[in-house]
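This report describes one structure, element by element.

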Amino acid sequence: MANTMQFDLVSPERSLASLQVESVQIPGADGDMTAMPGHAPTLTSLRPGVVKVQSSEGEKSFVVTRGFAEISADAISVIAEQAHAGSEVTKADLEDVLAAARQAAQDATPEYRDAAEKFVADIVHLMENMD
Amino acid sequence: MPSLKDLKNRIESVKNTRKITKAMQMVAAAKLRRAQDAAEAARPYTERFNAVLGGLAASVGGSDSAPKLLSGTGSDQTHLLVVMTAERGLCGGFNSNIAKLARTKAQELIAAGKTVKIITVGKKGRDAIKRDLGDHFVAHVDLSDVKRVGYGDAQGIAADILTRFDAGEFDVATIFYSKFVNVVSQTPTAQQIIPAAIDAEEDAAGTLYDYEPSEEEILADLLPRGVATQIFAALLENGASEQGARMSAMDNATRNAGDMIDKLTIEFNRSRQAVITNELIEIISGAEAL
């Protein structure tokens with residue numbers, strides 16, 4: 001079996017990465033998971049977090065907020081609503097997202113409030129881990 | 001017959017107009033390239049998103065528990081029309097074509113006894129259909145301060161539409177925008193976004209996925225985002241179409257101004273010749289009289 005797989009990271013405004021990788025760690029909605037070549041086909045939604053990519057050129061990381069990932073045996077596509085390369089993201093960017101999320105959590109109807117508050121918590125967690 | 005001075009002024013004025021239209025054409029050409037790049041950059045996301053959504057919808061769609069965004073509310077009494085046009089004019093038939101399509105559709109629906117609500121995006125479309133359908137307006141989105149449409153703008157519009165949908169304000173939503181074919185041709189298009197019109201194109205391989213969390217939860221999460229994605233794609237198409245339409249309109253205007261200058265110049269030369277001939281006749285007849 002091939003020991004690399006195709007990795008694509010796309011956001012609505014641009015395509016951020018497309019390369020051959022050895023493994024990818026993604027922040028799934030139910031917990032982090034690492035996908036390697038030959039992974040069972042999976043579709044998962046994402047929580048805000050860091051996507052870590054291990055390739056022959058070394059490790060790269062990307063910060064994503066919301067979105068989903070489609071994993072198959074030889075390819076993985078991360079389709080994120082917002083994505084930044086790990087090196088270029090700053091806390092200031094996330095502050096904006098956090099403020100918007102807090103507002104959304106306040107305005108949310110009861111049935112959506114849980115999800116909105118979890119989203120806020122995930123972002124806070126992500127920011128704490130950045131330093 | 002206009003005097004020489006008048007003709008000269010006309011020629012000068014048309015020349016100035018030509019300079020302006022030429023400049024507008026060049027600006028539109030530069031903006032068009034940027035708009036096309038933006039549309040190009042967004043394509044992978046839209047394609048993948050729709051592929052995943054299509055697959056999911058095909059597997060869940062049949063069941064009774066399918067979300068309302070996919071299966072509809074079960075009625076089609078109230079229609080929401082989202083009319084997306086430009087903030088600026090001087091782009092040929094771009095705005096009026098979209099407005100015309102939306103107006104025709106709205107009048108058909110009204111004639112069929114349906115309730116019609118309209119959200120306008122962009123000032124020009126609003127102005128164009130205000131007289132006939134002004135009573136049906138429920139909201140307006142102003143993008144005149146936005147230099148480059150971002151996904152955030154689309155999300156804002158989508159959030160507004162979804163809130164209205166959740167509140168039961170309408171059953172079916174359709175967006176009107178212009179599809180960019182090439183610089184000289186843009187097709188006004190109506191596209192239904194709620195309930196989601198997904199081409200139930202089954203994955204050839206029919207891959208069985210593991211879903212995390214459940215299939216239904218993912219679908220429920222994706223559908224609202226599908227609305228934003230479709231609106232974003234439409235905004236980008238519209239942006240490219242607008243610049244394309246403006247470019248060809250301004251190209252025409254520049255050419256027409258050139259033709260007009262040629263005609264006026266001939267007329268100017270003729271009148272000048274007539275004046276000279278007249279003066280000669282006067283001088284000669286004066287000399288002969290002596």
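In this predicted model, Thr44(A) has Glu212(B) of β6(B) as its bridge partner. The two strands concerned are β5(A) and β6(B), the latter covering residues 210–212 of chain B; they run parallel and are joined by three bridges.

**Interface between the chains**

The contact between the chains involves 21 residues of chain A and 22 residues of chain B. On the chain A side, β5 (42–45), β7 (58–71) and β8 (75–85) are the elements that each give two or more residues. The largest share, four residues, comes from β5(A). Sorted by class, this side of chain A has eight nonpolar, eight polar and five charged residues. For the complex, the predictor gives an ipTM of 0.79 and a pTM of 0.85.

**Chain A**

The domain assignment divides chain A into domain 1 (5–85) and domain 2 (91–128). Their C-alpha centres are 22 Å apart. Contact between them involves five residues of domain 1 and six residues of domain 2. The domain 1 side of that contact consists of one nonpolar, three polar and one charged residue.

Strand β1(A), residues 5–10, pairs with β2(A), residues 15–21, in an antiparallel arrangement with six bridges. A hairpin of four residues leads from β1(A) to β2(A). Within this pair, Asp8(A) is bridged to Ser18(A) of β2(A). β1(A) also pairs with β8(A), here in the parallel sense and over five bridges. Phe7(A) has Ile76(A) of β8(A) as its bridge partner.

| Strand pair | Sense | Bridges | Example of bridge partners |
|---|---|---|---|
| β5(A) and β6(B) | parallel | three | Thr44(A) and Glu212(B) |
| β1(A) and β2(A) | antiparallel | six | Asp8(A) and Ser18(A) |
| β1(A) and β8(A) | parallel | five | Phe7(A) and Ile76(A) |
| β4(B) and β5(B) | antiparallel | nine | Asn182(B) and Ser185(B) |

**Sheet of chain B**

Chain B has an open sheet of five strands, ordered β3-β2-β1-β4-β5, with mixed pairing. Its edge strands are β3 (137–141) and β5 (185–194), each of which pairs on one side only. From one strand to the next the twist averages 20°. β4(B), residues 172–182, and β5(B) are antiparallel and share nine bridges. Asn182(B) is bridged to Ser185(B) in β5(B). Helix α6 of chain B, residues 215–289, packs on this sheet and touches β1 (78–84), β4 and β5 of chain B. The direction of α6(B) makes about 40° with that of β4(B).

**Helix pair of chain B**

The axes of α3(B) and α4(B), the latter spanning residues 123–133, come within 9 Å and cross at roughly 35°. The crossing is right-handed. From α3(B), the contact residues are Asn95(B), Ser96(B), Ile98(B), Ala99(B), Ala102(B), Arg103(B) and Ala106(B). From α4(B) they are Lys124(B), Gly125(B), Ala128(B), Ile129(B), Asp132(B) and Leu133(B). By class, the residues of this contact are seven nonpolar, three polar and three charged.

**Confidence in chain B**

Chain B has a mean pLDDT of 88, with 94% of its residues at 70 or more. Confidence in chain B is highest in α3(B), residues 94–111, at a mean of 93, and lowest in α2(B), residues 68–71, at 79.

Technical notes: Residues numbered from 1 in each chain as written. Chains lettered and ligands numbered in written order. Predicted model: local features only at pLDDT ≥ 70, side-chain atom pairs only at ≥ 80, totals over all residues. Domains from an automatic or database assignment. Contact = placed C-beta atoms within 7 Å. Nonpolar A, V, L, I, M, F, W, Y, C, P; charged D, E, K, R; others polar. pLDDT = per-residue confidence, 0-100. Axes fitted to C-alpha atoms, helices over the stretch in contact; angles between N-to-C directions. Left-handed = near helix turned anticlockwise from the far one by under 90°. Pairing = 2+ DSSP bridges.
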